[in-house]
Amino acid sequence: MSFKYEALVFFLALFALYSPVAALSSYLPYVRGYAHGQQLRLALGLALNAFAFVLIAVWVGEPLLELLGISPAALTATGGIALILAAVPLMRGSGEAPPEPSPGDEAPAAPRKNPLFTPLTFPLTVGGTTFAFGVAASADAGDVPGRLWLTVAALAYGIVTGVTLYLSGHVERRISAETAAILDRVAGILLTSIAVILLANGFTDLVTARLGV
């Protein structure tokens, strides 16, 4: 099997796991309130983060996990916890941005937390399963030429994630406030469901590995 074919399979596996359509709708609550230039910077940052995450998995993933004593299952469970903390306020309708202060208000508004790393990069875009894919693909490729082709696949994956986030900004700017509020609730429900799945899968894999099943 050629290195090019293995790289293509790796990219398609990451693409299917990522699911751009589902990811686009999940990004909507987190790009709201940012200007076009800020959304573009978020998209570029996400592309770089996703590429770097997969690159680390491909080149040093297995020894790094052994050194830290962390398994992909633990990363998956951690991603579930991080996601549920971000998703529950959206589902309850309490995740909207605070109203703009009136001119008479003297207290400055609290700075908004940058969502680039959490939850946009981890766990909405990459997580334990993504890392496991990279480690497995690297083991199959074996030598340096094979890993270089996997690096090309990782770069393509990063570009896909950045473009998806950028498109979510375009969608968000074209919907009404009422529609946005409804989509926030729907996104919160979906993200909470994904978080529960991540938690269940992560803890199940951890218990299975501990019991040696």
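**Helix packing in a predicted model**

The accessible surface of the protein comes to about 11,700 Å², and carbon and sulfur atoms account for 70% of that. The model is predicted.

Q: What makes up the secondary structure of the protein?
A: It comes to 8 helices and 0 strands. Along the sequence the pattern reads α-α-α-α-α-α-α-α.

Q: Why is the protein called as compact as a globular protein of its length?
A: Its radius of gyration is 19 Å. The globule rule gives 17 Å for 213 residues. The two values are close, so the protein is as compact as a globular protein of that length. The C-alpha trace spans about 65 × 40 × 30 Å along its principal axes.

Q: How many of the residues are buried?
A: Buried means under 20% relative accessible area. Of the 213 residues, 40% are buried.

Q: What share of the contacts in the protein joins residues at least 24 apart?
A: Take the contacts between residues at least 6 apart in sequence: 94% of them join residues at least 24 apart.

Q: Why are α1 and α6 called roughly antiparallel?
A: Helix α1 (residues 3-18) and helix α6 (residues 128-141) pack at an angle of about 170°. Angles over 145 degrees count as roughly antiparallel. The pair is therefore roughly antiparallel. Their axes are 11 Å apart.

Q: Which residues make the contact of α1 with α6?
A: From α1 come Phe3, Glu6, Phe10, Ala13, Leu14 and Leu17. From α6 come Thr129, Thr130, Phe133, Gly134, Ala137, Asp140 and Ala141. By class they divide into 8 nonpolar, 3 polar and 2 charged.

Q: What makes α4 roughly antiparallel to α6?
A: The axes of helix α4 (residues 72-92) and α6 cross at roughly 155°. The cut-off is over 145 degrees, so α4 is roughly antiparallel to α6. The two axes come within 7 Å.

Q: Which residues of α4 and α6 meet, and what are their classes?
A: Pro72, Leu75 and Thr76 in α4 meet Gly128, Thr129, Phe131 and Ala132 in α6. This contact has 4 nonpolar, 3 polar and no charged residues.

Q: Why is threonine 129 called partly exposed?
A: Threonine 129 has a relative accessible area of 32%. Buried is under 20% and exposed is over 50%. The value lies in between, so threonine 129 is partly exposed.

Q: Where does threonine 129 lie, and what does it touch?
A: Threonine 129 lies in helix α6. Leaving out residues up to four places away in sequence, threonine 129 touches Leu17 and Thr76. Its C-alpha atom is 7.7 Å from that of alanine 73, 56 residues apart along the chain.

Note on methods: Residues are numbered from 1 along each chain as its sequence is written. This is a predicted model: local features need pLDDT of at least 70, side-chain atom pairs count only at pLDDT 80 or more; totals for chains, interfaces and linings use all residues. Side-chain values use heavy atoms; hydrogens and water are left out. Axes are lines fitted to C-alpha atoms, for helices over the stretch in contact, and angles run from 0 to 180 degrees between N-to-C directions. Helices (H or I, at least four residues) and strands (E, at least two) are DSSP runs, numbered from the N terminus. Angles under 35 degrees count as roughly parallel, over 145 as roughly antiparallel, 65 to 115 as roughly perpendicular and the rest as oblique. Contact means heavy atoms within 4.5 Å. Ala, Val, Leu, Ile, Met, Phe, Trp, Tyr, Cys and Pro count as nonpolar, Asp, Glu, Lys and Arg as charged, and the others, Gly among them, as polar. The radius of gyration is taken over C-alpha atoms; the globule rule is 2.2 Å times the number of residues to the power 0.38. Buried means under 20% relative accessible area, exposed over 50%, partly exposed in between (1.4 Å probe, protein chains only). Accessible areas come from the Shrake-Rupley method with a 1.4 Å probe; for residues, only the protein chains shown count as cover.
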